[in-house]
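Please look over the sequence and the model shown here before reading on.

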Amino acid sequence: MIMTANYHTHTTRCKHAVGSEREYIETAIKKGFKTLGFSDHSPQPFTGGLGDVIRMRLYQAEEYTDTLLKLREEYKDSIDILIGYEVEYYRDAFGVLLNELRKYPLDYLILGQHYAPDEFRGFYAGEYTTNENRLKAYVDMTIEGMMTGEFLYLAHPDLINYHGNDGAYVRQMTRLIQNAVDLNIPLEINLFGMVDNRQYPSGRFFSLASEMGAKFVLGCDAHYPDMIKQPEEIKGFDTFLEKNHIAEEDIISEFSFPLSPEK
């Protein structure tokens with residue numbers, strides 16, 4: 001299949017990506033993309049958290065937006081540039097964060113839950129765990145984030161690195177998937193995780209999601225320009241879809257902007 005749009009692209013402001021915005025854009029054009037959405041790790045309206053080393057600061061939002069607006073105009077005849085953020089949903093900070101981000105032109109947000117319930121009182125979901133309470137906390141926080149209605153889709157929904165009881169995994173992930181289905185929120189098949197041999201995308205998660213009738217979206221999760229890839233460039237991609245019974249028609253290729261009320 002051919003990707004025409006990628007909505008998951010980072011910049012150096014998150015402190016763990018490399019390359020200029022122009023390099024990402026030029027690569028996307030070369031690879032045949034028609035839309036490139038930037039969704040760098042959003043700032044938070046506080047300092048001193050663990051996440052300060054993996055996201056931009058609040059004062060950088062204006063420069064981030066201005067840079068992308070200028071590039072949008074420059075490349076308007078070649079590709080559509082969208083401005084977004086990958087957001088960590090923290091209940092107490094979310095309203096303040098939205099008010100700050102909406103001070104500037106903004107096309108969309110994607111939900112990328114890395115900590116539960118947050119980085120001060122909780123844990124990083126990507127760490128190996130057999131603790132069912134952690135699994136439930138991740139699912140609870142992710143569902144709460146989805147229920148705000150503010151997100152285009154759920155990034156790496158299977159980030160939780162749980163290796164405990166399989167029945168517990170199925171119970172909790174069934175809750176997450178059913179809420180995504182009910183809320184019409186697509187689940188991201190994270191291509192960077194596939195390239196980087198991470199624990200995600202997880203076959204046991206996506207086989208369950210496919211069985212439950214979920215919709216999907218492909219996300220490059222690009223932290224360097226060459227990660228803007230077409231699926232045909234990724235070893236094992238077709239096998240992953242086939243093994244987990246994911247049909248091409250269940251993968252959303254593009255969203256319409258500006259977003260409809262139903263997203």
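The report below goes from the whole chain to a sheet and then to a pair of helices.

This is a predicted model, in which local features need pLDDT of at least 70 and side-chain atom pairs count only at pLDDT 80 or more, while totals for chains, interfaces and linings use all residues. Residues are numbered from 1 along each chain as its sequence is written, and side-chain values use heavy atoms, with hydrogens and water left out.

The protein has eight helices and nine strands, where helices (H or I, at least four residues) and strands (E, at least two) are DSSP runs numbered from the N terminus. Of the 263 residues, 53% are buried, meaning under 20% relative accessible area with a 1.4 Å probe and protein chains only. The C-alpha trace spans about 50 × 40 × 35 Å along its principal axes.

Three strands form an open sheet in the order 7-8-9 with parallel pairing, and two strands count as paired if DSSP finds at least two bridges between them.

| Strand | Residues |
|---|---|
| Strand 7 | 187–190 |
| Strand 8 | 216–219 |
| Strand 9 | 251–252 |

Strand 7 and strand 9 are the edge strands, each pairing on one side only, and strand 7 is joined to strand 8 over four bridges. Within this region, Glu188 stands opposite Val217 in strand 8.

Helix 1 (residues 21–30) packs with helix 2 (residues 61–74) at an angle of about 35°, their axes being 11 Å apart; axes are lines fitted to C-alpha atoms, for helices over the stretch in contact (heavy atoms within 4.5 Å), and angles run from 0 to 180 degrees between N-to-C directions. Here Glu21, Arg22 and Ile25 of helix 1 meet Thr67, Leu68, Leu71 and Glu74 of helix 2.

Terms used. Buried < 20%, exposed > 50% of the residue type's maximum accessible area, 1.4 Å probe, protein only.
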